[in-house]
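Thanks, everyone. Let's get the structure up on the screen and walk through it.

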Amino acid sequence: MVPQLSSSATGNGGSIGGQGMINMKDCPLAKVFHLLEPGPVVLLTTFHKGRANVMTMTWHMMMEFEPPLIGCLVSGANHSFTALRKTRECVIAIPTVDLIAEVVDIGNCSGKDVDKFEKFGLTSVAAKQVKAPLIAECLFNIECKVVDTGLVNKYNMFILEGVQAWNDPERKERRTFHANGDGTFVVDGRTLDYKMKMVKWKNIV
Ligand SMILES: Cc1cc2nc3c(=O)[nH]c(=O)nc-3n(C[C@H](O)[C@H](O)[C@H](O)COP(=O)(O)O)c2cc1C
């Protein structure tokens, strides 16, 4: 079922980018690992004390197929850390390469000082199962709940479970991008199809 994702209906930080409706379609949870396995740069949204915030994140990894479990390292110095620890909810939004300049800037300022949704013209859209907002400008959005905080004190590592995922099938630019860690990035290129060799994975991929 595709709910009406009206940004005007969101109470999660408001609709800022001027886009009324978005075209997010339900994305099966069994497919979520395909979205993160290539390790794209992502945006992580939170909603805490009446305000939505967003940070850039590259230190994440898939840990289980379905329900999808995702390990994320969020520095304790980030405003998002407190929000994630307190609310135990977030959205992982996957941007495409046309947003790269904004994504880098989002990762170089803090929600402590600025409303990043407003500053970067992002459209927040009410999610279905969490209070953190979806980002209309992103290709995929994964609603997540924190299911394990056992490694937070030692490594700042949150284990998230994806509880709902969304795909914008009408988005033309679909290339995600990947960080080298030094301010340079690699953009998705050619896809090599080795499915025939994935014997053990036959029922999954
Ligand atoms: C390309 C890029 C990747 C980043 N990856 C991470 C990450 O994986 N974990 C993290 O804690 N911070 C990461 N950061 C830094 C945060 O995005 C940054 O500290 C941000 O300002 C935090 O925002 P906040 O204070 O509003 O939460 C990254 C920044 C950039 C530019």
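Start with the largest nonpolar core. It has 48 residues, and Leu43, Val91, Ile92, Ala93, Leu134 and Phe140 touch the most other members. Where does the largest share of this core come from? From strand 6, which gives 5 residues. A word of caution before I go on: this is a predicted model.

So, strand 6. It spans residues 89-94. Is it buried or exposed? Buried: 6 of its 6 residues count as such, so strand 6 is largely enclosed by the rest of the structure. Think about the two faces. In a regular strand the side chains alternate between the two faces of the sheet. Here both faces of strand 6 are covered. Glu89, Val91 and Ala93 are buried on one side. Cys90, Ile92 and Ile94 are buried on the other. Note that Glu89 is in that list.

Now the strands that pair with it.

What does Ile92 touch, leaving out residues up to four places away in sequence? Val42, Leu44, Ile70, Ile142 and Cys144.

Next, strand 2. Of its 7 residues, 6 are buried, so strand 2 is also largely enclosed by the rest of the structure. Strand 2 pairs with strand 3 as well, antiparallel, over 7 bridges. Look at Leu44 again.

Strands 2 and 3 form a hairpin with 2 residues between them. Which residue in the turn has a positive phi? Lys49, at about 50°. Lys49 is not a glycine. What about its surroundings? Lys49 is exposed, with 9 other C-beta atoms within 10 Å.

There is another backbone case to look at. Arg88 has a positive phi of about 60°, and Arg88 is not a glycine either. Arg88 lies in the loop between helix 2 and strand 6. With 15 C-beta neighbours inside 10 Å, Arg88 counts as partly exposed.

One more backbone point. Which peptide bond is cis? The one from Glu66 to Pro67, with omega near 0°. Pro67 sits in the loop between strand 4, residues 60-64, and strand 5, residues 69-73.

Last topic: the ligand. How many residues surround the ligand? There are 21, and the closest are Trp59, Ser80, Gly107, Ser110 and Gly111. Two elements give two or more residues to this shell: strand 3, residues 51-57, and helix 2, residues 79-87. Strand 3 gives the most, with 4 residues. That is the strand that forms the hairpin with strand 2. And the make-up of the shell? It divides into 9 nonpolar residues, 11 polar and 1 charged.

To recap. Strand 6 gives the core its largest share, and both faces of strand 6 are covered. Strand 3 pairs with strand 2 and gives the most to the shell around the ligand. That's it from me. Over to you for discussion.

Definitions and conventions. Residues numbered from 1 in each chain as written. Predicted model: local features only at pLDDT ≥ 70, side-chain atom pairs only at ≥ 80, totals over all residues. Near = placed C-beta within 6 Å. Nonpolar A, V, L, I, M, F, W, Y, C, P; charged D, E, K, R; others polar. Buried ≥ 20, exposed ≤ 12 C-beta atoms within 10 Å, placed from the backbone. Pairing = 2+ DSSP bridges. Core = buried A, V, L, I, M, F, W, Y, C linked by C-beta atoms within 7 Å. Contact = placed C-beta atoms within 7 Å.
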